[in-house]
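User: Hey, I'm new to this one. Can you walk me through a helix and then the sheet?
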Amino acid sequence: MRTDFQTLRTTIADRVLTVTMHRPEVYNALNETMIDELGEVFTGLPNALDQIRCVVLTGAGRAFGSGQDLRVFAAAYEQAEPIVISEHLTRYHRIVQAMRAAPQPIIAAINGVAAGASANLALACDLRIAAEDARFVEAFARIALVPDAGGPYFLTRLVGIGKALELALLAEEISGREAERIGLVNRCVAAEALASTVRELATRFANGPTTTYGLIKDLLYRSTEVDLATSLQLEGAAQDRAFATRDHREGVQAFLAKRPPQFTGE
Ligand code: LHQ
């Protein structure tokens, strides 16, 4: 995976890829380049399993991200060429679909404000850890837009339709603590503990049964969309595959030998 991105800083250490959205002067607002670079990183994950077994997504400076760069659109309104937003959105959809399809667990480390499409990219991650001073805002209705970038799907599933409607219609900020209370984030921690909390989780995932994690992600996300009978079929098919992994054998042998398992991700 290349590392010379314009709008992202990426590092790989101990099989953890950290992706930092890096336009701090605009609170990491998403411009075309950043959207496409995120798409490239996330679509590349299934082919990078030998190097990467967990991903952390975060923002540079004081924000996680402020959503779509609104200056780009303000400039475009003046042009004669009409903008077809649904076409533009397909580039966000590429990121969200890739996050969902990647076998590696993806953690959002929410270090500050997360607004609009940036907030919704955090929702598309598999786990969210927020700093106490993080803020969330489904800012779309403030500018008379509907939530996008996967927000309608993930927001309703994470907090239920009642809270989702409140957040989307009022478009008011909520704190990291409130986000934890309503289930929008998994954990809210003191700002100074964010990096160590995320590192600990990421290390655990990077040493875990990656193939099985991919099966778990796929099974649980798909189970939110299907009836019980179909979910039971999906679990059978997924368990056939998990049962055949080397890591499953290793897990059982380690349990019986009373030693920690050495998972390779296979
Ligand atoms: C920004 C932005 C920003 C550019 C802060 N752009 N510069 C939309 C359109 C079309 C198609 C596809 O999908 C989408 C998806 C979306 O994401 S729509 C939602 C877009 N985002 C927003 O509406 C949020 C706009 N930003 C804000 O409401 C506030 O800036 C937040 C709540 C993020 C932070 O508030 P503050 O902590 O008070 O910071 P600030 O407002 O002073 O912002 C800091 C700087 O960042 C400032 O620049 P400056 O040069 O004045 O210091 C802002 O202009 C810039 N910035 N968001 N989205």
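User: Which residues of α7 are buried?
Analyst: Keep in mind that this is a predicted model. In α7, the buried residues are L194, T197, V198, L201, A202, F205 and A206.

User: And where do they sit, seen down the axis of α7?
Analyst: They fall within an arc of 160° in that view, so the buried residues line one face of the helix.

User: What's on the face turned away from that buried side?
Analyst: That face of α7 carries R199, E200 and R204, which are exposed.

User: How far apart are the end C-alpha atoms of α7?
Analyst: They are 18 Å apart. With 13 residues (194–206) at 1.5 Å a residue, α7 should span 18 Å, so the two agree.

User: OK, on to the sheet. In what order do the strands come?
Analyst: The order is β1-β2-β3-β5-β7-β10. These 6 strands form an open sheet, and the pairing is mixed.

User: Which strands stand at the edges?
Analyst: β1 (8–13) and β10 do. Each has a single partner strand, so one side of each is left without a neighbour in the sheet.

User: How much are neighbouring strands turned against each other?
Analyst: By 20° on average, direction ignored.

User: Back to β10: how many bridges join β7 to it?
Analyst: There are 3 bridges, and β7 and β10 run parallel. I129 stands opposite R187 in β10.

Technical notes:
Residues are numbered from 1 along each chain as its sequence is written. This is a predicted model: local features need pLDDT of at least 70, side-chain atom pairs count only at pLDDT 80 or more; totals for chains, interfaces and linings use all residues. Side-chain values use heavy atoms; hydrogens and water are left out. Helices (H or I, at least four residues) and strands (E, at least two) are DSSP runs, numbered from the N terminus. The expected span of a helix is 1.5 Å times one less than its number of residues. Buried means under 20% relative accessible area, exposed over 50%, partly exposed in between (1.4 Å probe, protein chains only). The arc is that of the directions from the helix axis to the C-beta atoms. Two strands pair if DSSP finds at least two bridges between them. Axes are lines fitted to C-alpha atoms, for helices over the stretch in contact, and angles run from 0 to 180 degrees between N-to-C directions.
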